[in-house]
Amino acid sequence: MMHDPQQSDASIVAMKPTNKAEGLAAESVERRDAAEGNTEELNTCRTQRRASVLQRLQGVRERAKKWKKERFTALLHHVDVDLLTESYYRLKRDAAPGVDRQSWSQYGQQLEANLAELHERIHRGSYHPLPTRRVHIPKESGGTRPLGVTALEDKIVQRAVVEVLNAIYEVDFRGFSYGFRVGRSQHDALDALATAIKRTKLGWIVDLDIEKFFDRLDHSWLIRFLEHRIGDRRVIRLIQKWLKAGVLEDGQWMSSESGSPQGAVISPLLSNVFLHYVFDLWAERWRRREGKGNVIFVRYADDVVAGFQHEAQARKFLSALHDRLKSFALTLHPKKTRVLQFGRFAARDRQVQGLGKPETFTFLGFTHICDRHREGSFQLRRETRRDRMRSKLREVRQELRRRMHHSVRSQGEWLGQMMRGYFAYHAVPTNSHRLMSFRYHVLQMWRWMLRRRSQKDHTTWARMDRLKDRWLPRPIVLHPWPEARFLVKHPKWEPSALIAHARIWAGGAA
């Protein structure tokens, strides 16, 4: 290993990361049922393999934590047959196939031979990824979003490389970065933001949207960022191959000079590395040097919310961010990026100024609203975005039409499973009325579909009430209040706990 003589302007920031690398070594392993066609593979064997893989990567993790600027010159040997096997079993088994048209179960019929041959090609340098198959999925706001479907072997290799690189970058990534990271979820990001709004004197929110980030991600800058920590040219060449593999759409191959396909296994990590240098380190340094009053950041992939105590600071930051992103061929969306008055005192201040209620903003599927408790104190209300709920209801309606002539029991079981999955994410405090509304509209659509099965059908609301009670789960709040969960994960005895703002930093809203 050797020390990298080149440093970006952002790499001069030296702060102890909040997330504990040691926790990864003790990561729990989810037991999986044996896949169809692979019943001879034992779950305990895969669990033991997973543990051995994590133990081998622990040395990389500890060295990355100790030497913050060291480059790792020998990494590819960690991508062995055991890691490829573990990566195969961690893939979604019913995922759509890529251009190879190979499914998970088909590949697994001769798994040992296939992975041994794949491992040999990787280390011989003859492995060449296939183009990404591009499909378009509808967006809630209209239009479509391009999604890349990767070939199965490319998914396996990307998953293995991500496992290795995570051992390094999880030590480097900042506490306010949440997207696609081990042990961090969307609700962790939502909790950090809600706690910061309620516990710090924030009066202004900058709602940021980087325009077409995944399509415009600059390859040359990305490789330069990766080379700050990755000195193994074989790993760099692998990533360059994936970036240059191109896209297959409607039977035509197109080169990819920029961007990283959404849907590729490697894309979330690459986007986090890119934004770590472009945004996270820069924002952290800007706060220390330029920020006055309370300043917080919460980032989930390319979705960023920044909070400020003073309006002038919010606008100064936004102007500086425009210049910063321009240097890396990125821009903020002019219509989706805005500065709004929001926080504990926003309603009072706007009333004094003769303005209306504070504006709202959306983050990770929830609309955030300034509200009041019955006794008059500030309350942050979070509700499911209307467009997201309408989009989900359209999906339910289409699926009910497809299942029109299935048995009522089969329909009820599917609806119950769908609703439990929906509630698992959306059942947060202050969102109960949206959950009840969702359940009511699902019930209406189910009754409409049952009545259309036959002209003689006269399904009454009395019958629907019985079906509802039997199959559709009640809208119960499943998530705790954000402050309660945040303080459990970041208790009072942590360093800087006596300083409220510093504790928000330690918890991730920096």
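1. **Basis of the note.** This is a predicted model, in which local features need pLDDT of at least 70 and side-chain atom pairs count only at pLDDT 80 or more, while totals for chains, interfaces and linings use all residues. Residues are numbered from 1 along each chain as its sequence is written, and side-chain values use heavy atoms, with hydrogens and water left out.

2. **Overall make-up.** The chain has 19 helices and 13 strands; these are DSSP runs numbered from the N terminus, helices being H or I with at least four residues and strands E with at least two. Of its 510 residues, 53% count as buried, meaning under 20% relative accessible area, with exposed meaning over 50% and partly exposed in between (1.4 Å probe, protein chains only). Among contacts (heavy atoms within 4.5 Å) between residues at least 6 apart in sequence, 72% join residues at least 24 apart.

3. **Nonpolar cores.** A nonpolar core is a set of buried Ala, Val, Leu, Ile, Met, Phe, Trp, Tyr and Cys residues joined through side-chain atoms within 4.5 Å. The largest one has 80 residues, of which Phe279 and Phe317 touch the most other members. Leaving aside neighbours within four places in sequence, the contacts of Phe317 include Leu208, Phe279, Trp282 and Trp286. A second, separate core of 27 residues includes Ala192, Tyr300, Phe378 and Val428.

4. **Aromatic pairs.** Rings of Phe, Tyr and Trp (its six-membered ring) pair if their centres lie within 6.5 Å, and planes under 30 degrees apart count as stacked, over 60 as edge-to-face and the rest as tilted. By this rule the count comes to 27 aromatic pairs. The rings of Phe180 and Tyr300 have centres 5.6 Å apart and planes at 50°, so this pair is tilted. Because Phe180 lies in the loop between helix 6 (152–172) and helix 7 (186–199) and Tyr300 in strand 8 (residues 295–300), the pair ties together parts that are 120 residues apart in sequence.

5. **Charges over rings.** A charge sits over a ring if NZ of Lys or CZ of Arg is within 6 Å of the ring centre and within 35 degrees of the ring normal. The charged end of Arg184 sits over the ring of Tyr178, 4.6 Å from its centre, and Arg397 lies over the face of Trp448, at 4.4 Å from the ring centre.

6. **Helix 16.** Helix 16 (residues 432–452) has 21 residues and reaches 31 Å from its first C-alpha to its last, close to the 30 Å expected, where the expected span is 1.5 Å times one less than the number of residues. Its buried residues include Leu435, Phe438, Val442 and Trp446. What covers the buried residues of this helix includes strand 13 (378–384) and helix 14 (386–402).

7. **Two single residues.** Thr150, in the loop between strand 4 (144–149) and helix 6, counts as buried at 3% relative accessibility. Arg56, in helix 2 (residues 43–66), is partly exposed, with a relative accessible area of 31%.
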